[in-house]
Each structure stands twice: as C-alpha cells, then as structure tokens.
Amino acid sequence: MSGVMTVSEKVHGSASAAQGAVAGNTGSRIGFENVSVAYGSLVVLESLNLTVNPGEIVALIGPSGSGKTTALRAVAGFVRPSAGRITIGDRDVTHLPPYERNIGMVVQNYALFPHMRVEENVAFGLRAKGASEDIIRARVPESLAMVGMAPYTKRYPRELSGGQQQRVAIARALAIRPQVLLLDEPLSALDAQIRRSMLDELAKLHRDLPNLTVLYVTHDQTEALTLANHIGIMRGGKLKAFGSAQSLFRHPPNRFAAEFLGRANLIPVTGLDGADGARAGVKFGAQALSAQNHHRLAKGSDCLLCVRPHDFKLQKGENDTNSLTGVVQSVQWQGDVHNITFEVAEQVLRMTSAPMSNPPEPGASITVHFNPADVTLVPEDKVDG
Ligand SMILES: Nc1ncnc2c1ncn2[C@@H]1O[C@H](COP(=O)(O)OP(=O)(O)OP(=O)(O)O)[C@@H](O)[C@H]1O
C-alpha cells in the first residue's frame, strides 16, 4: 500500500497539495448541462443534467440501450451533443476534440494494440501527446505499478489474461495523468471471480488516487454499489434517479429505481396514514403494516412498500413489528444463501437468508417478520416515461 501511495503521490501530487487542489478549484468536475444526443431523428440522450464532483466516482447504470455509453462518449468527445453543454472543471469542452480534453478512457474489450508490448501500449498516449522520453521512462513503470502489472512490461497482450489486459488498459489511461477517468463496462468481459478481484482493485486504486474523478458505466449493480459515491439510473435516454448509493438503495425514489437497483419486493399498499411524516401506516389488504415515509407521500396515498429480500426474517426480532403470512413457492440453496419465494394475497415475494439447516418446504405456510425502519414507501409511477 505505502509503495503504491508513493507512486500515486508522484503521479497526482502530495496528499495535502492534492486536497488543496480539490478545495481550491473544480478542475476535474464533470458537468452535463441539459445534454441531448440524437442519431438522426432518434434522441438517445435527453436533457441530461448531472455533476460528477472532483474525486468522486459516479456510476451510470441502466438497461441496455438506455444511453449510458452515449453519455460517457459525449464526455470523451466521440459523440457531439445536439443540445446542451459539457464541462470539465470550468472548461466548456462541448466542442473540443477528444485529445484536448485530458481524459483517460477504458472500454470493455481491452482495446490494447496487439502488436505492441505492454510498455509500448502504456506509453502510447504519452507519445501521442508529445511527452519526452524521460517522462515516458518514469510514467510507464509508475502507471503499471499502480495496477500491479510492473513485472509484465515486456509481454504482448496475447500473453496476458483478460484481467491483466484490462489492468494494462487502466495503466495506459492513467499514464497521461487524466483529470477524469471514463470507464465503460471495464469488467464485463471478465469472468465472475476475476471481476470481483478487479472490483477490489479499482476501489483501492481510487483510494490511492483520491482526486481522480471517475464516470463509470455499467449494467452491474454490484459494481455500482461497491464503487460509486453516487449512482445515476438511466432508462430510455433519461436519468430516472440519482443519489448516493446508500440512499438510492434504502429509499428508491420510484418503482424503476427500486427494481433495477437491488431487486426489491414492491408490495402495493393503500391508505397511507401517519401524521409525523417519517413513519406511516399502510394497509396490504386487511393487514396493517408500518414503514418509513422518506419521500413524504401524502396521507391517503396508494403506493408501494419496498422490502429488500434480506429484510424478511423467519425469526421475529425485537423491532420486527411487521409480519406477513404466505405459502412457500420455491426454495433454492445457492451456497452462501437460501432464496425463498412465497405468495401472499397473490403477490409473489422473495426473501434471502443465510443458509438454513431446515428450510421450509414448498407448499408450507410461512410467516416473515420485518422492521418498519428497514422498509420504505415508494410512489407508484403510473406514467412511466
Ligand atoms: N452510432 C449510433 N448510431 C445510431 N444509434 C446509436 C449509435 N450508437 C448508439 N445508438 C443507439 O443509442 C441508444 C443508446 O445506446 P447506448 O450505447 O448509449 O446505450 P447503453 O445504455 O450504453 O447500452 P448497453 O448497456 O447495451 O451498452 C441505443 O438505442 C443505441 O442503439
């Protein structure tokens, strides 16, 4: 760790100088101001407003075709907005060519030059910028050390694993000391185990380079929750939700956000009641339940009760004043968890728990308990544009 810190301090300045830089200027902030992108008559990004603050990681997640990559490519300068402004720091970069934006970018499929050794790949961006041989000699090993690839300088990409190639691609992006790093599904070509360890490494890299501003496109919610300070959830070219990873997960602002991030159970409830605002009573059929009213939904509203699968418990805890009784539909053991689906008043709900030695059988009656503090009311977005 300390060795890497030394390298990153060399790359990005000493910690105190770097803190000063963040406090004193907005050099690496990414701003989207009403950015739209159209291909012909097809609008694929619609009036996007989003800020990535200096040193933050913002993840854009959303289903395929929702416009995530388009947003990232607009920052890189590979697509031109049809309306709006893109800023990096205080600079309006909307009309600057990519090479004048000082960004590093890593895409899904490594994109290393196959005929170049690792060191030549990492030097490529520096050479393109006209860096001196002295700088190249210093920066290439520094950048490779940051991603744990220092011993591989002489290899060709074909002599590396997928994870190693992606590390080299990250080193190449960092070698030019970018103000911002754009990552477009950087882990999606890797198998599950490598992906997990790369995720840890990206988190560590960001701890080592706390001033680097990162925009991270993924469709993988685990990556977003693990890495991001803030998450934007996109659909159909629009930003449907934006917030801290914690708050979006705990208090999703709409059905789409609740379903997309964390696979929530969404139970239709009626007759919201409760005067204090923070906590409300609702009815699921005849059953009275209590929940957080974080979004301050109006008294009398019909809405959705959002319960994460791990918040249902078979053993009643002290604060688990909510309960539901249903019939078990399926029980699946997945090594470290049991997944149980059960039906309550025609709603199929899902719970996960630590592995059980005696899981309930399909067809059995089951009562689950949950804490009102763990569950939240979500508006039912009837017009789902
Ligand atoms: N060069 C292009 N010409 C025409 N349409 C395009 C072009 N590039 C992207 N699109 C369209 O723009 C929309 C958004 O694409 P984009 O790649 O931004 O989505 P995404 O959210 O990143 O999806 P994925 O997760 O599948 O990568 C899609 O409907 C896509 O077909």
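The exercises below go from the ligand to the sheets, then to the domains and one loop.

Before starting, note that this is a predicted model, in which local features need pLDDT of at least 70, side-chain atom pairs count only at pLDDT 80 or more, and totals for chains, interfaces and linings use all residues. Residues are numbered from 1 along each chain as its sequence is written.

**Exercise 1. Find which residues surround the ligand, and sort them by class.**

Step 1: Sort them. Ala, Val, Leu, Ile, Met, Phe, Trp, Tyr, Cys and Pro count as nonpolar, Asp, Glu, Lys and Arg as charged, and the others, Gly among them, as polar. The shell splits into two nonpolar, eight polar and one charged residue.

Step 2: Look for the top contributor among the elements. Helices (H or I, at least four residues) and strands (E, at least two) are DSSP runs, numbered from the N terminus. Helix α3 (residues 68-76) gives the most, with three residues.

**Exercise 2. Work out the strand order of the six-strand sheet.**

Step 1: Call two strands paired if DSSP finds at least two bridges between them. The order comes out as β6-β7-β8-β3-β9-β10, an open sheet with mixed pairing.

Step 2: Check the ends. β6 (103-106) and β10 (238-244) are the edge strands, each pairing on one side only.

Step 3: Take the angle between neighbours, using axes that are lines fitted to C-alpha atoms (for helices over the stretch in contact), with angles from 0 to 180 degrees between N-to-C directions. Here, with direction ignored, neighbouring strands are turned by 15° against each other on average.

Step 4: Zoom in on one pair. β3 (residues 57-61) and β8 (residues 213-217) run parallel over four bridges, and V58 has L215 in β8 as its bridge partner.

**Exercise 3. Describe how the two domains touch.**

Step 1: Take the bounds, which come from an automatic or database domain assignment: domain 1 is 2-250 and domain 2 is 255-378. Their C-alpha centres lie 37 Å apart.

Step 2: Count contacts (C-beta atoms, placed from the backbone, within 7 Å). Domain 1 puts in 10 residues and domain 2 puts in six.

Step 3: On the domain 1 side, β9 (230-235), β10 and α9 (245-250) are the elements that give two or more residues. By class, that side has six nonpolar, one polar and three charged residues.

**Exercise 4. What is the phi of A345 and of E346, and how exposed is each?**

Step 1: Locate them. A345 is in the loop between β16 and β17, and E346 lies in the loop between β16 and β17 too.

Step 2: Read phi. A345 has a positive value near 45° without being glycine, and E346, also not a glycine, has about 70°.

Step 3: Count other C-beta atoms, placed from the backbone, within 10 Å of the residue's own: 20 or more is buried, 12 or fewer exposed, in between partly exposed. A345 has 13, so it is partly exposed. E346 has 7, so E346 counts as exposed.
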